[in-house]
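Work through the exercises below with the structure open. Try each task before reading its solution.

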Amino acid sequence: MILRIRSRDGMERVTVTDRSTATVATLCALIESHLGVPAAVQTLSLDPNLLLPSKAQSPALDPATPLSSLPIAHGSIVYLSPPHCDAASFDRDAAHAFQLYVADTLAFAVKRAGFLYGHVDQASHSVAIDFVYEPPQQGSEDAAALFRDPDEEALVEAIAAGLGMRRVGFIFTQAVGRKAGTAEYTMSGREVLQAAEMQAEGGIPEWVTAVVKLDVAEDGAADVHFEAFQMSDICVRLFKEGWFVTEFGEDDDPRVSRMTKDVVVGGKDSREVDNDFFLVPVKIADHQGPLSSSFPIENRITRVTLKALKNHLDRTKHLPFKQSSVPEGYQLLIESLAAAS
């Protein structure tokens with residue numbers, strides 16, 4: 001029996017030699033050996049909605065289920081969602097600090113973005129995010145233009161490495177429904193393009209893209225929540241090969257990405273792709289991480305002065321100056337700078 005395996009990356013075929021004894025786990029093993037997708041990260045379903053993030057509650061097939069008990073036959077389609085990252089857990093304080101700024105100070109009027117730092121757990125295919133770095137940027141209603149500073153980013157990387165952490169993802173804000181007449185969407189074409197660029201640069205399979213979303217109902221009620229995704233492998237490949245149209249107009253449909261050449265979508269040639277087909281949902285969790293800081297966050301509207309250093313030292317007098325010993329001269333210099341403020 002030949003089964004067609006449909007994922008966001010296209011259609012493939014696998015052959016099941018003995019349907020009477022095969023189980024869903026058998027099919028997973030065949031997919032792993034023929035398509036290179038590890039069985040541990042496979043989610044299989046007979047429901048095509050599995051491939052749509054907005055409807056991703058499709059029931060997954062139990063690995064122990066015999067194929068003979070399923071309504072499938074030669075040529076049937078089985079839908080596959082292969083996440084390289086199964087879950088993303090956010091440090092509560094880091095998530096709150098980012099959300100609070102965009103909600104209270106920016107009022108979601110302009111977009112804000114940042115890079116996620118933390119740890120990768122390859123055994124569980126998950127990431128733990130412990131802090132957010134917000135690079136210099138200029139936000140508008142539709143885009144967050146990053147003015148990346150290589151020297152500043154090198155310092156962030158060095159600090160993260162000293163903490164045993166690394167860059168694991170990207171985060172941005174979104175205000176769907178804020179503008180009258182705007183169609184609902186999971187990610188806009190601009191956002192897909194930027195997320196694909198960051199994931200291509202990230203260089204790790206577990207890279208995750210988080211969205212802090214403001215949903216505004218018709219009655220004006222607002223709800224802020226986090227969502228997380230990975231861009232599909234085909235999305236990143238199309239970006240690397242230059243297939244995405246990178247110019248956007250005011251009248252462009254935000255629900256689709258435009259291509260420079262025809263691609264096959266649903267068996268038909270098209271230059272427009274529903275953005276949902278590029279997105280792989282990632283489960284969200286939270287945790288209390290090891291870091292805490294009372295310093296103002298860099299590259300925001302609020303200017304950081306030496307008074308922040310004095311306030312920090314005043315609040316932490318009961319704590320050791322540093323976890324390891326500090327030469328007396330350095331401690332004196334830091335305290336003198338704080339006093340000068």
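This is a predicted model: local features need pLDDT of at least 70, side-chain atom pairs count only at pLDDT 80 or more; totals for chains, interfaces and linings use all residues.

**Exercise 1. The chain as a whole**

Task: State how many helices and strands the chain has, and what share of its residues is buried.

Solution: 
- Count the elements. The chain holds 7 helices and 15 strands.
- Take the extent next. The C-alpha trace spans about 80 × 50 × 40 Å along its principal axes.
- Turn to burial. Of the 341 residues, 40% are buried.
- Finish with contacts. Consider those between residues at least 6 apart in sequence: 66% of them join residues at least 24 apart.

**Exercise 2. The largest pocket**

Task: Describe the volume of the largest pocket, then its lining.

Solution: 
- List the lining. It has 47 residues, and Ser292, Ser293, Ser294, Phe295 and His312 lie nearest the pocket's centre.
- Assign elements. Two or more lining residues come from each of α2 (92–105), β7 (126–133), α3 (150–162), α6 (306–315) and α7 (328–340).
- Which element gives the most? Helix α2 does, with 6 residues.
- The lining of the largest pocket has 26 nonpolar, 10 polar and 11 charged residues.

**Exercise 3. The cavity**

Task: Find how many cavities of 30 Å³ or more the structure holds, and say what lines the largest cavity.

Solution: 
- Give its volume. The largest cavity has about 80 Å³.
- Read off the lining. Among the residues there are Ser7, Arg8 and Asp9, then Pro82, Pro83 and His84. Gln230, Met231, Ser232, Asp233 and Val280 also line the largest cavity.
- Classify the residues. The lining of the largest cavity divides into 4 nonpolar, 4 polar and 3 charged.

**Exercise 4. Aromatic pairs**

Task: Count the aromatic pairs in the whole structure. Then characterise the pair of Phe115 and Phe170, and the pair of Phe244 and Phe278.

Solution: 
- Count. The search gives 5 aromatic pairs.
- Take Phe115 and Phe170. Their ring centres lie 5.7 Å apart, with 55 degrees between the planes, and the pair is tilted.
- Phe115 is in strand β6 (residues 113–121) and Phe170 in strand β10 (residues 166–174), so the pair links parts of the chain 55 residues apart.
- Check burial. Phe115 and Phe170 are both buried.
- Take Phe244 and Phe278. This pair is also tilted, at 5.5 Å centre to centre and 55 degrees between the planes.
- Phe244 sits in the loop between α5 (233–240) and β13 (256–265), and Phe278 in the loop between β14 (268–274) and β15 (279–287). They are 34 residues apart.
- Check burial again. Phe244 and Phe278 are both buried.
- Look for a network. Phe115, Phe170 and Phe172 are joined by ring pairs into a cluster.

**Exercise 5. Charges over rings**

Task: Which rings have Arg167 or Lys261 over their face?

Solution: 
- Arg167 lies over the face of Phe115, 4.1 Å from the ring centre.
- Lys261 lies over the face of Trp243, 4.3 Å from the ring centre.

**Exercise 6. Valine 265**

Task: Explain why Val265 counts as partly exposed, and name its contacts beyond four places in sequence.

Solution: 
- Locate the residue. Val265 is in strand β13.
- Apply the cut-offs. Val265 has 27% relative accessibility. Buried means under 20% and exposed over 50%, so Val265 is partly exposed.
- List contacts. Beyond its neighbours within four places, Val265 touches Ser270, Glu272 and Val273.
- Val265 and Phe277 are 12 residues apart in sequence and 9.4 Å apart C-alpha to C-alpha.

How values were computed
Residues are numbered from 1 along each chain as its sequence is written. Side-chain values use heavy atoms; hydrogens and water are left out. On a 1 Å grid over the protein atoms alone, a cavity is a set of points where a 1.4 Å probe fits but cannot get out, and a pocket is an open set with protein on both sides within 12 Å along at least five of seven lines; lining residues have an atom within 4 Å of a point. Grid points are joined across faces, edges and corners, and a volume is the space filled by probe spheres set on the points. Helices (H or I, at least four residues) and strands (E, at least two) are DSSP runs, numbered from the N terminus. Ala, Val, Leu, Ile, Met, Phe, Trp, Tyr, Cys and Pro count as nonpolar, Asp, Glu, Lys and Arg as charged, and the others, Gly among them, as polar. Rings of Phe, Tyr and Trp (its six-membered ring) pair if their centres lie within 6.5 Å; planes under 30 degrees apart count as stacked, over 60 as edge-to-face and the rest as tilted. Buried means under 20% relative accessible area, exposed over 50%, partly exposed in between (1.4 Å probe, protein chains only). A charge sits over a ring if NZ of Lys or CZ of Arg is within 6 Å of the ring centre and within 35 degrees of the ring normal. Contact means heavy atoms within 4.5 Å.
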